[in-house]
Amino acid sequence: MATERKALPVIHKTRCTGCGWCVAVCPPHVLSLEVAHWKKFSQLHDEAGCTGCGKCAVRCPFDAITMVRIPDLPPAR
Ligand code: SF4
Ligand code: SF4
């Protein structure tokens with residue numbers, strides 16, 4: 001049985017400036033800007049909807065997104 005491989009973006013909040021570029025380029029619109037205290041940062045709000053395309057990581061000018069491979073998707077909730 002083939003294992004579906006997928007990568008998910010990990011957003012480093014210390015480097016994220018909240019510029020919103022990644023939100024704009026995400027094809028399925030699963031990234032959004034959240035506000036915590038005084039700071040905005042990007043957040044993956046729909047993990048299941050992410051295709052793992054990596055466009056957000058490529059687009060981020062601040063190198064704040066790392067694509068991390070996950071061997072198996074967690075079971076659907
Ligand atoms: S990897 Fe692709 S689908 Fe997933 S959050 Fe980034 S741009 Fe959106
Ligand atoms: S493109 Fe990078 S710095 Fe800008 S909101 Fe997204 S993760 Fe943060």
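## Surroundings of ligand 1

In this predicted model, ligand 1 is surrounded by 15 residues. The closest of these are Cys26, Cys50, Cys53, Gly54 and Cys56. By class, the shell around ligand 1 comprises 11 nonpolar residues, 3 polar residues and 1 charged residue.

The shell of ligand 2 includes the run Cys16, Thr17, Gly18, Cys19, Gly20, Trp21 and Cys22. Ser42, Cys60, Pro61, Phe62 and Ile65 also belong to the residues around ligand 2. Of the residues in this shell, 8 are nonpolar and 4 are polar, and no charged residue is present.

Two of the elements described below contribute to this shell. Ser42 of the ligand 2 shell falls within strand 3, which spans residues 39-44. Ile65, likewise around ligand 2, belongs to strand 4, which spans residues 65-70.

The assignment rests on a relative accessible area under 20% for a buried residue.

Strand 1 is joined to strand 4 by 6 bridges, and the two strands run antiparallel. Within this pairing, Pro9 stands opposite Met67 of strand 4.

## Exposed loop position Ala48

Ala48 lies in the loop that links strand 3 to helix 2, the latter formed by residues 55-59. With a relative accessible area of 71%, Ala48 is exposed, since the exposed class begins over 50%.

The C-alpha atoms of Ala48 and Val30 are 8.9 Å apart in space, while the two residues are separated by 18 residues in sequence.

His37 is situated in the loop between strand 2 (residues 31-36) and strand 3. Its relative accessibility of 79% places His37 among the exposed residues.

Asp63 also has a positive phi of about 55°, and it is not a glycine either. Asp63 occupies the loop between helix 2 and strand 4. The relative accessible area of Asp63 is 54%, and the residue therefore counts as exposed.

Conventions. Residues numbered from 1 in each chain as written. Chains lettered and ligands numbered in written order. Predicted model: local features only at pLDDT ≥ 70, side-chain atom pairs only at ≥ 80, totals over all residues. Heavy atoms only, no water. Pairing = 2+ DSSP bridges. Helix = DSSP H or I, 4+ residues; strand = E, 2+ residues; numbered from the N terminus. Near = heavy atom within 4 Å. Nonpolar A, V, L, I, M, F, W, Y, C, P; charged D, E, K, R; others polar. Buried < 20%, exposed > 50% of the residue type's maximum accessible area, 1.4 Å probe, protein only.
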